[in-house]
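I opened my notebook to look up a few places in this structure, and I set down here what I found.

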Amino acid sequence: MQVKDRTSLDGERERITLVPESLDDLWHLTYLLEPGDLVSGDTTRRIQRDDDKTRDTGGEREHMHVTIDVESVEFHKFANRVRVGGVITDCSREDQLGFHHTLNVEQRDELSVEKRWKRDQLDRLEDAVEATDSPDVAIATVEEGEAHVHTVAQYGTEEYASLTGTTGKGEYARGRDELFDELGAVLSRLDVDAIVLAGPGFTKQDAEDYVTEEYPDLADHITMVDTSAVGDRGVHEVLKRGAVAEVQEETRIAEEAELIDELTKRIGDGAKVAYGIEEVAEAAEFGAVETLLVLDEKLRTERGATGEEESGEGEWSVDVNEVIKSVEQQGGEVTVFSGEFAPGEQLRNLGGIAALLRYRLQ
């Protein structure tokens with residue numbers, strides 16, 4: 001993410017001009033933007049002229065600059081865009097004021113966001129800026145007769161390819177090599193900066209030997225990791241062990257996997273933990289929260305339709321902004337989880353919010 005300009009407006013509100021540079025940046029925008037924000041950008045809009053009405057042409061599209069009062073934000077991953085909908089409050093054509101419009105924000109589009117920025121939103125923006133130079137990573141998990149390739153992004157992991165081939169060596173070696181060759185071809189097409197090759201037993205070593213010989217350009221990008229499984233379970237093991245973090249200095253989902261594992265371990269042991277909004281709010285009140293875990297989609301919902309500090313629009317009886325503020329003021333850490341990845345799904349099952357505590361409350 002590129003930050004082109006920052007302007008303080010009235011001591012509380014700030015206008016920040018951004019340029020998303022990747023799909024990850026567009027995903028970040030989904031949680032940086034919320035109802036009540038003012039978002040400005042270039043767009044096209046269909047204008048109906050008087051003569052068009054009689055001919056029913058639907059009007060012609062014109063380029064214009066608009067500012068909208070945000071009502072909705074949607075991340076369309078497969079279309080590589082974020083759709084920001086709301087009412088036009090300022091426009092290069094005054095006759096369009098008050099109409100609803102949707103800004104389609106894509107990579108390299110410049111937009112300005114005016115709002116009362118919350119601390120966790122500024123932290124997320126900083127993460128997006130720092131992540132611009134992070135390497136793209138693929139995780140390949142391999143066992144006899146089977147291989148999977150996942151891509152790693154800040155919004156989660158996604159299976160890119162699932163391959164099958166003949167199991168065994170000896171007379172079946174040719175089929176085995178065909179699987180390895182197909183794996184090498186897939187990894188070459190991805191053109192990533194780092195590859196984690198993982199799986200049980202010695203198959204991954206044989207796969208690396210084949211791939212590095214037949215696809216020498218990949219040789220310097222491969223790191224091997226032992227896992228007990230392949231596919232989604234293997235990927236989770238890779239993330240939990242920090243293998244991705246070694247090649248990608250700071251991987252958001254690796255941190256989330258580690259935190260959710262610690263949370264579930266403490267729950268099993270009856271140790272220092274709280275989950276659910278009421279328990280977490282009580283722990284925050286007593287200054288007991290060491291690390292607050294909150295789901296991004298839940299945080300956005302609870303902040304409600306106004307985008308202000310007192311929303312009253314969510315399901316929780318406690319203001320989540322006050323909980324976050326309390327945790328930060330008392331030296332606790334706040335981690336916002338992505339709902340796109342498995343740790344976020346686990347946190348969702350616990351009510352969307354939990355905390356690792358400094359000490360037990362009871």
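I looked up Leu-361 to begin with, and I noted it as partly exposed because its relative accessibility is 34%, where buried means under 20% relative accessible area, exposed over 50%, and partly exposed in between, with a 1.4 Å probe and protein chains only. I found Leu-361 in the segment after strand E16 (353–357); strands (E, at least two residues) and helices (H or I, at least four) are DSSP runs numbered from the N terminus.

I reminded myself that this is a predicted model, in which local features need pLDDT of at least 70 and side-chain atom pairs count only at pLDDT 80 or more, while totals for chains, interfaces and linings use all residues. Residues are numbered from 1 along each chain as its sequence is written, and side-chain values use heavy atoms, with hydrogens and water left out.

I then turned to Glu-208, which I found in helix H5 (residues 203–214). I noted that Glu-208 is buried yet has no salt bridge, a term for a side-chain nitrogen of Lys or Arg within 4 Å of a carboxyl oxygen of Asp or Glu. The nearest side chain of opposite charge is Lys-204, 9.6 Å away; here Lys and Arg count as positive and Asp and Glu as negative, while His and the chain ends are not counted. Leaving aside neighbours within four places in sequence, I listed Leu-197, Ile-222 and Met-224 as in contact with Glu-208, where contact means heavy atoms within 4.5 Å.

For the whole chain, I wrote down 12 helices and 16 strands, and I noted that 50% of the 362 residues count as buried.
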